Amino acid sequence: FYRQDRFADKRRKGMDPIELAWLRDHGMTIDLFAGGGGWSLGFEEALGRPVDLALNHDRHAVTLHAVNHPRTRHLCQDIYAADPAKEIGGRPVFWLHASPSCTQFSRSRRALPAEKQLREMGWKVVDWVKEAMPVIITMENVAEWKQWGPIDDDGYPIKERAGETWDRFIQAFRDLGYEMDWTIINSAEVGAPTARERLIVVGRRDGIEHEWPEITHGPLRRR
């Protein structure tokens with residue numbers, strides 16, 4: 001089925017159902033900043049096939065992911081050194097997931113100055129998306145990621161400009177043709193045995209409206 005000309009206009013919104021079905025079954029899938037493989041496991045259970053490429057700079061994380069996902073190709077490399085064009089190799093991409101470093105935004109960081117390279121890591125996701133133009137983008141981070149903004153000369157966030165960088169970050173995906181949506185989910189409210197709050201971001205260019213999972217546990221669940 002695959003012909004390069006069918007995927008030439010990657011930035012259009014909405015997709016031919018046959019093209020979308022082919023991509024769902026055969027398009028490349030990528031897990032950036034992959035840890036032990038939790039997201040990859042969810043993807044595999046949902047779609048019935050493994051993630052194609054997982055990247056992490058930490059060899060211990062890559063080793064654990066490889067044990068859990070032996071059919072995935074693993075890249076142990078810093079995101080700043082990885083070449084998305086080389087790793088994707090021109091293949092059409094269905095889904096790209098990324099979980100950039102959260103330590104620069106977490107409330108548990110308290111009053112420590114920021115490390116600029118880690119704080120700016122989200123922009124590397126934009127670089128990968130520009131190259132891959134996946135049908136679906138998902139990202140996960142701490143809720144405070146929405147406060148991403150510039151830092152002063154001493155490395156501390158400028159409170160009056162909180163959220164400025166986040167707005168530019170989201171706009172970068174919109175400029176590529178993605179419909180962007182995000183929400184904060186407490187894992188316990190959807191049945192996971194942990195009360196972790198996480199910001200979940202979804203970007204789509206298939207014209208299909210995203211639906212968030214129903215709250216099934218806790219006081220906010222439907223009765």
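Okay, a quick word on terms before we start: when I say helix, I mean a DSSP run of H or I that is at least four residues long, with numbering from the N terminus. With that in hand, our opening residue, His65, sits in helix α3, which covers residues 59-68. And keep in mind throughout that this is a predicted model.

So, is His65 buried or exposed? Its relative accessible area is 1%, so it counts as buried. If we skip the neighbours within four places in sequence, His65 is in contact with a run of residues including Asp31, Gly35, Gly36, Gly37 and Ser40, and also with Ala54, Thr72 and His74.

Next stop, α6, residues 122-132. The buried residues here are Gly122, Lys124, Val125, Val126, Trp128, Val129 and Ala132. What do they pack against? Quite a list: strands β1, β2, β4 and β5, plus helices α4 and α7.

Tyr178 itself is in the loop between α7 and β6, and at 2% relative accessible area it's buried. Where does its side chain find a polar partner? A polar atom of that side chain is 2.5 Å from the backbone oxygen of Pro134.

Now the largest pocket, which has a volume of about 1400 Å³. It's lined by 48 residues, and the closest to its centre are Trp39, His97, Ser99, Glu140 and Ile200. Elements that give two or more residues to that lining include β1, β2, β4, β5 and β7, but it's α2 that gives the most, with 6 residues. By class, we're looking at 25 nonpolar, 17 polar and 6 charged residues.

Which side chain does the side chain of Arg198 make a polar contact with? Glu140, at 3.1 Å. Arg198 is in strand β7, residues 197-204. The cut-off for buried is under 20% relative accessible area, so Arg198, at 18%, counts as buried. Beyond Glu140, and again leaving aside sequence neighbours within four places, Arg198 is in contact with Asn141, Val142, Thr183, Ile184 and Ile185.

That's my tour, happy to take questions.

Definitions and conventions:
Residues are numbered from 1 along each chain as its sequence is written. This is a predicted model: local features need pLDDT of at least 70, side-chain atom pairs count only at pLDDT 80 or more; totals for chains, interfaces and linings use all residues. Side-chain values use heavy atoms; hydrogens and water are left out. Buried means under 20% relative accessible area, exposed over 50%, partly exposed in between (1.4 Å probe, protein chains only). A polar contact is a pair of N or O atoms within 3.5 Å; within protein, one must be able to donate a hydrogen and the other to accept it, and residues adjacent in sequence count only if both atoms are side-chain atoms. Contact means heavy atoms within 4.5 Å. On a 1 Å grid over the protein atoms alone, a cavity is a set of points where a 1.4 Å probe fits but cannot get out, and a pocket is an open set with protein on both sides within 12 Å along at least five of seven lines; lining residues have an atom within 4 Å of a point. Grid points are joined across faces, edges and corners, and a volume is the space filled by probe spheres set on the points. Ala, Val, Leu, Ile, Met, Phe, Trp, Tyr, Cys and Pro count as nonpolar, Asp, Glu, Lys and Arg as charged, and the others, Gly among them, as polar.
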